[in-house]
Amino acid sequence: MLIRRTAAWSMPESQATPEHLAFNRRRVLGAAVAAGAAFAPGAAQAGIFDFLGKKEAPKPQPPDPSAGLYPVKRNEAYTLDRPVTPEAINLGYNNFYEFGTDKYIAAAAQALPIRPWTIKIGGLVESPREIGIDDLLKALPPEERLYRHRCVEAWSMALPWSGIPLKDFVAFAKPLGSAKYVVMKTFLNPDVADGQASPLYDWPYTEGLTIEEATSELPFLATGAYGKPLARQMGAPIRLAVPWKYGFKSVKSIVSIDFTEQRPKTLWQVAGPREYGFWANVNPDVAHPRWSQARERVIGTGEIRPTLLFNGYAEQVAHLYKGLEREPLYM
Ligand SMILES: Nc1nc2c(c(=O)[nH]1)N[C@H]1C(S)=C(S)[C@@H](COP(=O)(O)O)O[C@H]1N2
Ligand SMILES: [Mo]
């Protein structure tokens, strides 16, 4: 979804073949790092990061204090029509523009400090406050849910998230009756995330839902995946998962959640208003201006599947859009 006029535009990302990926050495290295190779300062490590195009190896990070919480109990209400994407594949194929515009940002993302981590709750609430991630996990204990994920670039994954239903978080935040939108933002720290030095994007990454969407059953604040705390490249320590919407709505590494009367301007809307909107509901019959959304490439298998309306979650979400037919719901 680069908003850059380069040759890359002529070919949607979805046409990159699994073979191409398998032989991408950066990806293989990124995945190896992500899969748990320890970070240690030293010449050998620095050598790897030279190869990855980074001047310095990320500083070693302390272990995640929430590790003991996982795995958490699965909510069996959410089932999949396909196998879960293998963890190592998911850890090595990510969109996280703060750390780079290709899929191989896993190594760079290890530089993100995830403790202390506070989430600011503000805007139209009874009383604005801040809460540390570990206090939040105590107040609202996580559960596991299997969800599909459909990127606007026509690829998909399936994953076991652990996390907190957003509607429970909203109740915890006590919004005022006048709140119409829930606005979520990623950290802003260009020293750690050099993608944020790019003037092409309106940082920090901002996303939002209507209060009706946010208090419906599916939106999930993921704090873990694969039975462990969330990996940095997947948006640690807390990210959104809204599985009936294109992946860009699922904002990573959230530091603030605000309740507003006004619809927020999201990062992708600002970057490419003709291509990316506020609603971004998955619909196979509404093409992206530059490629079809009818099918998706399942990451890790190379399988091509037909894309489903609302990514297969119509039963849970279609009612949210009654009376909104004149809105651009599918971009
Ligand atoms: N802060 C932030 N959140 C983000 C993105 C991003 O670049 N920055 N990319 C989005 C997109 S386009 C997708 S498809 C998903 C990818 O999540 P994953 O890497 O865990 O699969 O994260 C979304 N959330
Ligand atoms: Mo995406």
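1. The lining of the largest cavity comprises 14 nonpolar, 7 polar and 3 charged residues. Here Ala, Val, Leu, Ile, Met, Phe, Trp, Tyr, Cys and Pro count as nonpolar, Asp, Glu, Lys and Arg as charged, and the others, Gly among them, as polar. The model is predicted: local features need pLDDT of at least 70 and side-chain atom pairs pLDDT 80 or more, while totals for chains, interfaces and linings use all residues. Residues are numbered from 1 along each chain as its sequence is written, and side-chain values use heavy atoms, with hydrogens and water left out.

2. The largest cavity has a volume of about 310 Å³. Of its 24 lining residues, N95, H149, R239, G247 and K252 are the closest to its centre. A cavity is a set of points, on a 1 Å grid over the protein atoms alone, where a 1.4 Å probe fits but cannot get out; lining residues have an atom within 4 Å of a point.

3. Ligand 1 takes the space of this largest cavity. Around ligand 1 stand 18 residues (a heavy atom within 4 Å), and Y97, E98, T186, S250 and K252 are the closest.

4. Polar contacts (pairs of N or O atoms within 3.5 Å) can be listed individually. A polar side-chain atom of T186 lies 2.9 Å from a nitrogen atom of ligand 1, and a backbone N or O atom of S250 lies 2.8 Å from a nitrogen atom of the ligand. For R239, a side-chain N or O atom is 3.1 Å from an oxygen atom of ligand 1.

How values were computed:
Chains are lettered from A and ligands numbered from 1 in the order in which they are written. A polar contact is a pair of N or O atoms within 3.5 Å; within protein, one must be able to donate a hydrogen and the other to accept it, and residues adjacent in sequence count only if both atoms are side-chain atoms. On a 1 Å grid over the protein atoms alone, a cavity is a set of points where a 1.4 Å probe fits but cannot get out, and a pocket is an open set with protein on both sides within 12 Å along at least five of seven lines; lining residues have an atom within 4 Å of a point. A molecule sits in a cavity or pocket if more than half of its atoms lie within 2 Å of its grid points. Grid points are joined across faces, edges and corners, and a volume is the space filled by probe spheres set on the points.
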